[in-house]
Amino acid sequence: MGRYSLFLINSFFLGVGLAMDAFSVALVNGLRESRMRIGKMLKIAGVFGGFQVFMPLLGWYFAHGMINCFSHITRYIPGISLVLLLFIGGKMLSEGINSTGTEEDELKGGTLFAQGLATSVDALSVGFTIGGYPLSQALTAAVIIASVTFASCMAGLKIGKKAQEKLSSKVTAAGGIILIILGFELFFTSAV
(Lines give C-alpha, C1' and ligand atoms only; values in the text may rest on other atoms or scores of the structure.)
Protein backbone atom coordinates (compact mmCIF):
# COMPACT_ATOMS: atom_id res chain seq x y z
CA MET A 1 0.00 0.00 0.00
CA GLY A 2 1.40 3.37 -1.02
CA ARG A 3 1.81 6.42 1.19
CA TYR A 4 -0.98 8.31 -0.53
CA SER A 5 -3.40 5.39 -0.13
CA LEU A 6 -2.53 5.24 3.55
CA PHE A 7 -3.07 9.00 3.81
CA LEU A 8 -6.55 8.65 2.25
CA ILE A 9 -7.48 5.79 4.57
CA ASN A 10 -6.24 7.71 7.61
CA SER A 11 -8.21 10.78 6.51
CA PHE A 12 -11.35 8.69 6.11
CA PHE A 13 -11.06 7.20 9.61
CA LEU A 14 -10.26 10.61 11.03
CA GLY A 15 -13.48 11.80 9.37
CA VAL A 16 -15.44 8.92 10.91
CA GLY A 17 -14.16 9.81 14.37
CA LEU A 18 -14.93 13.50 13.97
CA ALA A 19 -18.35 12.85 12.40
CA MET A 20 -19.74 10.94 15.40
CA ASP A 21 -20.61 14.11 17.29
CA ALA A 22 -22.30 15.62 14.24
CA PHE A 23 -24.14 12.33 13.61
CA SER A 24 -25.52 12.40 17.17
CA VAL A 25 -26.71 15.98 16.86
CA ALA A 26 -28.22 15.30 13.41
CA LEU A 27 -30.05 12.33 14.90
CA VAL A 28 -31.52 14.61 17.55
CA ASN A 29 -32.50 17.14 14.87
CA GLY A 30 -34.29 14.39 12.95
CA LEU A 31 -36.07 13.37 16.14
CA ARG A 32 -37.25 16.94 16.65
CA GLU A 33 -38.66 17.43 13.17
CA SER A 34 -40.05 14.29 11.56
CA ARG A 35 -41.49 16.17 8.56
CA MET A 36 -38.19 17.75 7.61
CA ARG A 37 -37.80 18.07 3.86
CA ILE A 38 -34.74 16.96 1.92
CA GLY A 39 -33.66 20.56 1.27
CA LYS A 40 -33.43 21.28 4.97
CA MET A 41 -31.65 17.99 5.57
CA LEU A 42 -29.07 18.93 2.93
CA LYS A 43 -28.68 22.35 4.55
CA ILE A 44 -28.08 20.84 8.00
CA ALA A 45 -25.62 18.25 6.71
CA GLY A 46 -23.95 20.98 4.64
CA VAL A 47 -23.47 23.23 7.67
CA PHE A 48 -21.92 20.41 9.69
CA GLY A 49 -19.74 19.38 6.74
CA GLY A 50 -18.76 23.00 6.11
CA PHE A 51 -17.55 23.41 9.66
CA GLN A 52 -15.62 20.15 9.32
CA VAL A 53 -13.76 21.59 6.31
CA PHE A 54 -13.15 24.98 7.85
CA MET A 55 -11.95 24.00 11.33
CA PRO A 56 -9.15 21.58 10.34
CA LEU A 57 -7.91 24.06 7.76
CA LEU A 58 -7.97 26.82 10.36
CA GLY A 59 -5.95 24.59 12.69
CA TRP A 60 -3.56 23.79 9.84
CA TYR A 61 -3.13 27.51 9.19
CA PHE A 62 -2.38 28.21 12.84
CA ALA A 63 0.04 25.28 12.96
CA HIS A 64 1.93 26.79 10.04
CA GLY A 65 2.01 30.43 10.92
CA MET A 66 0.56 31.42 14.21
CA ILE A 67 1.07 28.49 16.57
CA ASN A 68 2.68 30.63 19.26
CA CYS A 69 -0.23 33.07 19.25
CA PHE A 70 -2.87 30.34 19.28
CA SER A 71 -1.46 27.52 21.42
CA HIS A 72 -2.71 28.94 24.71
CA ILE A 73 -6.31 28.92 23.42
CA THR A 74 -6.42 25.20 22.59
CA ARG A 75 -6.97 24.23 26.23
CA TYR A 76 -10.31 26.08 26.12
CA ILE A 77 -11.70 24.16 23.13
CA PRO A 78 -13.37 21.37 25.18
CA GLY A 79 -14.98 23.99 27.44
CA ILE A 80 -16.34 25.92 24.46
CA SER A 81 -17.95 22.73 23.11
CA LEU A 82 -19.38 21.94 26.54
CA VAL A 83 -20.93 25.39 26.98
CA LEU A 84 -22.49 25.38 23.50
CA LEU A 85 -23.95 21.88 23.86
CA LEU A 86 -25.18 22.56 27.41
CA PHE A 87 -26.94 25.68 26.16
CA ILE A 88 -28.53 23.97 23.15
CA GLY A 89 -29.36 20.79 25.10
CA GLY A 90 -30.75 22.72 28.06
CA LYS A 91 -32.93 24.77 25.74
CA MET A 92 -34.24 21.62 24.06
CA LEU A 93 -34.83 19.94 27.42
CA SER A 94 -36.80 22.93 28.65
CA GLU A 95 -38.84 23.10 25.43
CA GLY A 96 -39.54 19.37 25.61
CA ILE A 97 -40.72 19.51 29.20
CA ASN A 98 -42.94 22.53 28.54
CA SER A 99 -44.24 21.22 25.20
CA THR A 100 -47.81 20.14 24.73
CA GLY A 101 -46.63 17.48 22.31
CA THR A 102 -48.75 18.73 19.45
CA GLU A 103 -46.21 20.86 17.61
CA GLU A 104 -42.85 20.00 16.13
CA ASP A 105 -39.82 22.13 16.82
CA GLU A 106 -38.11 23.73 13.86
CA LEU A 107 -34.38 24.16 13.82
CA LYS A 108 -33.47 27.84 13.59
CA GLY A 109 -30.37 29.25 11.87
CA GLY A 110 -28.62 30.40 15.05
CA THR A 111 -29.12 27.02 16.69
CA LEU A 112 -27.84 25.23 13.61
CA PHE A 113 -24.75 27.45 13.54
CA ALA A 114 -24.09 26.77 17.24
CA GLN A 115 -24.53 23.03 16.69
CA GLY A 116 -22.12 23.08 13.76
CA LEU A 117 -19.56 24.99 15.78
CA ALA A 118 -19.94 22.82 18.88
CA THR A 119 -19.51 19.58 16.96
CA SER A 120 -16.52 20.80 14.97
CA VAL A 121 -14.41 22.55 17.59
CA ASP A 122 -12.46 19.32 18.12
CA ALA A 123 -11.69 19.34 14.39
CA LEU A 124 -9.65 22.48 15.02
CA SER A 125 -7.12 20.40 16.93
CA VAL A 126 -6.99 18.00 13.98
CA GLY A 127 -5.57 20.90 12.01
CA PHE A 128 -2.56 20.79 14.31
CA THR A 129 -2.09 17.07 13.65
CA ILE A 130 -2.18 17.63 9.89
CA GLY A 131 0.05 20.67 10.30
CA GLY A 132 2.94 18.84 8.69
CA TYR A 133 0.99 18.23 5.49
CA PRO A 134 1.39 20.46 2.47
CA LEU A 135 -1.70 22.57 1.73
CA SER A 136 -2.94 20.20 -0.99
CA GLN A 137 -2.97 17.23 1.41
CA ALA A 138 -4.48 19.28 4.23
CA LEU A 139 -7.27 20.37 1.89
CA THR A 140 -7.80 16.79 0.70
CA ALA A 141 -8.01 15.55 4.31
CA ALA A 142 -10.48 18.31 5.21
CA VAL A 143 -12.70 17.50 2.21
CA ILE A 144 -12.69 13.80 3.11
CA ILE A 145 -13.58 14.63 6.73
CA ALA A 146 -16.38 16.93 5.55
CA SER A 147 -17.73 14.32 3.12
CA VAL A 148 -17.85 11.66 5.83
CA THR A 149 -19.54 14.15 8.16
CA PHE A 150 -22.09 15.12 5.50
CA ALA A 151 -22.99 11.47 4.84
CA SER A 152 -23.16 10.70 8.56
CA CYS A 153 -25.44 13.68 9.19
CA MET A 154 -27.79 12.67 6.40
CA ALA A 155 -27.98 9.18 7.90
CA GLY A 156 -28.55 10.62 11.39
CA LEU A 157 -31.33 12.88 10.16
CA LYS A 158 -33.08 10.03 8.34
CA ILE A 159 -32.80 7.68 11.31
CA GLY A 160 -34.04 10.41 13.65
CA LYS A 161 -37.03 11.19 11.45
CA LYS A 162 -38.03 7.52 11.27
CA ALA A 163 -37.58 7.02 15.02
CA GLN A 164 -39.60 10.14 15.87
CA GLU A 165 -42.62 8.75 14.08
CA LYS A 166 -42.62 5.87 16.57
CA LEU A 167 -41.77 7.76 19.75
CA SER A 168 -43.72 9.88 22.22
CA SER A 169 -44.09 13.63 22.21
CA LYS A 170 -41.20 14.16 24.66
CA VAL A 171 -38.56 13.50 22.01
CA THR A 172 -37.25 17.07 22.27
CA ALA A 173 -36.49 16.61 25.98
CA ALA A 174 -34.70 13.33 25.26
CA GLY A 175 -32.72 15.04 22.50
CA GLY A 176 -31.71 17.79 24.91
CA ILE A 177 -30.47 15.21 27.40
CA ILE A 178 -28.46 13.52 24.63
CA LEU A 179 -26.80 16.84 23.72
CA ILE A 180 -25.97 17.59 27.36
CA ILE A 181 -24.40 14.13 27.76
CA LEU A 182 -22.52 14.62 24.50
CA GLY A 183 -21.20 17.97 25.76
CA PHE A 184 -19.85 16.40 28.96
CA GLU A 185 -18.40 13.47 27.01
CA LEU A 186 -16.57 15.84 24.65
CA PHE A 187 -15.33 17.93 27.55
CA PHE A 188 -13.97 15.08 29.64
CA THR A 189 -12.45 13.06 26.80
CA SER A 190 -10.81 16.14 25.23
CA ALA A 191 -9.61 17.62 28.52
CA VAL A 192 -7.75 14.43 29.48
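1. Helix H1 (residues 3-32) packs against helix H5 at an angle of about 30°, and the axes of the two helices lie 6 Å apart. Because angles under 35 degrees count as roughly parallel, H1 can be described as roughly parallel to H5. The crossing of H1 and H5 is right-handed, and the residues in the contact of H1 with H5 divide into 22 nonpolar, 11 polar and one charged.

2. This is a predicted model, and the confidence values should be kept in view when reading the points below. The mean pLDDT of the protein chain is 81, with 81% of its residues reaching 70 or more. Among the elements of the chain, helix H5 (residues 135-164) has the highest mean pLDDT, at 93, whereas helix H6 (residues 171-191) has the lowest, at 72.

3. As to the overall make-up, the protein chain has six helices and zero strands, so that the pattern read along the sequence is α-α-α-α-α-α. Of the 192 residues of the chain, 44% count as buried.

4. The largest nonpolar core comprises 20 residues, of which Val25, Ile44, Phe48, Leu85, Cys153, Leu157 and Leu179 touch the most other members. Two or more residues are given to this core by each of H1, helix H2 (38-70), helix H3 (77-98), helix H4 (109-129), H5 and H6. H6, one of these contributors, is also the element with the lowest mean pLDDT.

5. Met55 has its place in helix H2. Its relative accessibility is 7%, and since buried means under 20%, Met55 counts as buried. The C-alpha atom of Met55 is separated by 4.6 Å from that of Leu124, although the two residues are 69 residues apart along the chain.

6. Lys161 has its place in helix H5, the element with the highest mean pLDDT. With a relative accessibility of 17%, Lys161 likewise counts as buried, a point that a reader may wish to check in the structure, given that lysine is classed as charged. Lys161 and Gly30 are 131 residues apart in sequence, yet their C-alpha atoms are 4.5 Å apart in space.

How values were computed: Residues are numbered from 1 along each chain as its sequence is written. This is a predicted model: local features need pLDDT of at least 70, side-chain atom pairs count only at pLDDT 80 or more; totals for chains, interfaces and linings use all residues. Side-chain values use heavy atoms; hydrogens and water are left out. pLDDT is the predictor's confidence in each residue, from 0 to 100. Helices (H or I, at least four residues) and strands (E, at least two) are DSSP runs, numbered from the N terminus. Axes are lines fitted to C-alpha atoms, for helices over the stretch in contact, and angles run from 0 to 180 degrees between N-to-C directions. Angles under 35 degrees count as roughly parallel, over 145 as roughly antiparallel, 65 to 115 as roughly perpendicular and the rest as oblique. A crossing is left-handed if the near helix is turned anticlockwise from the far one by less than a right angle, and right-handed if clockwise. A nonpolar core is a set of buried Ala, Val, Leu, Ile, Met, Phe, Trp, Tyr and Cys residues joined through side-chain atoms within 4.5 Å. Buried means under 20% relative accessible area, exposed over 50%, partly exposed in between (1.4 Å probe, protein chains only).
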